[in-house]
Amino acid sequence: MRPDAEAIAEQVFTALADPSRRGILAELAARGPATATDLATRLPITRQAIAKHLALLTEAGLVTAEPGERRRVRYRLRSAPMRVAQQFLAALARDWDGPLGALKDHLDRSARTDP
């Protein structure tokens with residue numbers, strides 16, 4: 001995996017580690033773009049906390065800020081960093097699947113040959 005892709009994956013995993021940020025992402029995924037105020041009315045988090053979480057999510061590339069009407073900023077979900085993290089996990093799974101499969105085959109053969 002490219003070093004820049006690994007850095008993106010790390011930012012995504014860091015962002016997803018917090019349940020409040022996962023809730024914000026889920027809300028944006030379900031209902032589309034929203035302001036911090038909109039999100040505060042839908043989630044059990046203060047507007048100030050949401051703003052801090054949105055800043056981290058923006059830094060991780062998971063959301064993008066768009067200017068809205070009356071100087072309100074709307075946040076939109078971005079899926080590209082999530083795809084990079086998924087590719088990282090898929091590569092990790094492939095790296096584990098081979099050795100684990102070989103170990104299973106070895107243990108199965110050993111079990112059949114043992115009296």
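I begin with arginine 76, which counts as partly exposed at 37% relative accessibility. Please bear in mind that this is a predicted model. Arginine 76 forms a salt bridge with glutamate 66, with 2.6 Å between the closest N and O atoms. Because glutamate 66 lies in strand S1 (residues 63–67) and arginine 76 in strand S2 (residues 73–77), the pair ties together parts that are 10 residues apart in sequence. Glutamate 66 is itself partly exposed, at 23% relative accessibility.

The structure holds 5 salt bridges in total. Let me turn to a network of them, which links Glu27, Arg31 and Arg42. Glutamate 27 is buried, its relative accessible area being 13%. Arginine 31, at 55% relative accessibility, counts as exposed.

Glutamate 27 also meets arginine 42 in a salt bridge of 3.3 Å, N to O. Here glutamate 27 lies in helix H2 and arginine 42 in helix H3, so the pair ties together parts that are 15 residues apart in sequence. Arginine 42 is partly exposed, at 30%.

Finally, where does threonine 35 lie? Threonine 35 sits in the loop between helix H2 (19–31) and helix H3 (36–42), and is buried, with a relative accessible area of 4%.

Terms used. Residues numbered from 1 in each chain as written. Predicted model: local features only at pLDDT ≥ 70, side-chain atom pairs only at ≥ 80, totals over all residues. Heavy atoms only, no water. Helix = DSSP H or I, 4+ residues; strand = E, 2+ residues; numbered from the N terminus. Buried < 20%, exposed > 50% of the residue type's maximum accessible area, 1.4 Å probe, protein only. Salt bridge = Lys/Arg side-chain N within 4 Å of Asp/Glu carboxyl O.
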